[in-house]
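Hello,

Here is the structure I promised to pass on to you. Have a look at it first, and then read my notes below.

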Amino acid sequence: MGNVFEVLRKDHEEVKRALAELERGPTAASGANPDQLTLREKLVEELTIEESKHEAVEEEYFWPAVRDHLEDGDALADHAIEQEVAAKFILNDLIGMKTDDPQFEELVGRFITKGREHNAYEEDNVWPAMEKALSAEEAEELGRKVEEGKKIAPTRPHPHTPPKPGILKAAGPAVAAADRVRDAATGRGQD
Ligand SMILES: [Fe+2]
Ligand SMILES: [Fe+2]
C-alpha cells in the first residue's frame, strides 16, 4: 500500500527493470539458447499482464483525478491516454507471439521506446503537479483505489475498449474474469 504515487512508481520500476532486461537480450539473432528465448517470451507475457492492469487502473482512477485537480488536466490526460492506447496495440500484437516470429523483436523494440516515453511523461509532466494538488489524504485514498482496482483489472490490453473511466467498474470484473480464464487455459502468466 501507500499513496498513489508510491503505488504507481512501484509499477513503473518493475516495468523499467523488465524493459532493461529485454533490451539487454540475448535475442534469437544475438545467439540466445532455447531456454533464454522461452524466458524472453515469459518476460513479455508478464510485462503485458502488469501493464494491462496498471493502465486500466490509471484510466479508471488516476486520469479522472488529473482532470479534476489540474487546470491543464484534460490535455495531460488526453496525451497520456493516447500513448497508453498506442502501447496497448503493440502489446496486444505480442500476445502468444514466439521469438521466432519475424515481428517479435520489432514489436519489443517499439514497446521499449514507447513504454519509456510514456513512463517519463507521467513521472515528469504529471506526477509533480499532482503531488502538489492532492492532499496527503487524497493521495492515500487514490492509492488505495488503484491498489484495489488492480485486483479486478483485466490482464490483457484490450486496445479496442474505449479508455474511459467506468469501464473497470462496469465491465472490468467480467472482462478480467474472462482474461483470467483464458490465462489459466493457456498457462499464461504462470511459471
Ligand atoms: Fe500510464
Ligand atoms: Fe503509469
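**Notes on the model**

Helices here are DSSP runs of H or I with at least four residues, numbered from the N terminus.

Before going on, a word on the conventions. This is a predicted model, in which local features need pLDDT of at least 70 and side-chain atom pairs count only at pLDDT 80 or more, while totals for chains, interfaces and linings use all residues. Residues are numbered from 1 along each chain as its sequence is written, chains are lettered from A and ligands numbered from 1 in the order in which they are written, and side-chain values use heavy atoms, with hydrogens and water left out.

Back to α3. With 22 residues at 1.5 Å a residue, α3 should span 32 Å, and its end C-alpha atoms are 31 Å apart, which agrees. (The expected span is 1.5 Å times one less than the number of residues.) Among the buried residues of α3 are Leu 76, Ala 80, Glu 84, Ala 87 and Leu 91; buried means under 20% relative accessible area, with a 1.4 Å probe and protein chains only. An α-helix has 3.6 residues a turn, so residues three or four places apart point the same way. The buried residues of α3 pack against α2 and α4 (104–133).

Which residues hold the iron ion (ligand 1)? Glu 55, Glu 58, Glu 84 and Glu 122 coordinate this ion through OE and His 118 through NE2, at 2.0 to 2.2 Å. Donors are N, O and S atoms within 2.8 Å of the metal (3.2 Å for Na, K and Ca); water is not among the atoms, so sites may look incomplete. The iron ion (ligand 2) is 3.3 Å from ligand 1, and Glu 58 coordinates both. Glu 58 in helix α2 and Glu 84 in helix α3 (residues 73–94) are 26 residues apart, a pair that links distant parts of the chain. Glu 58 counts as buried because its relative accessibility is 0%, and Glu 84 counts as buried at 1%.

Finally, look at Asp 183 in helix α7 (residues 172–186). Is Asp 183 buried or exposed? Asp 183 counts as buried, at 6% relative accessibility. Leaving aside neighbours within four places in sequence, Asp 183 is in contact (heavy atoms within 4.5 Å) with Thr 155, Arg 156, Arg 188 and Gln 190.

Enjoy exploring!

Conventions: Helix = DSSP H or I, 4+ residues; strand = E, 2+ residues; numbered from the N terminus. Buried < 20%, exposed > 50% of the residue type's maximum accessible area, 1.4 Å probe, protein only.
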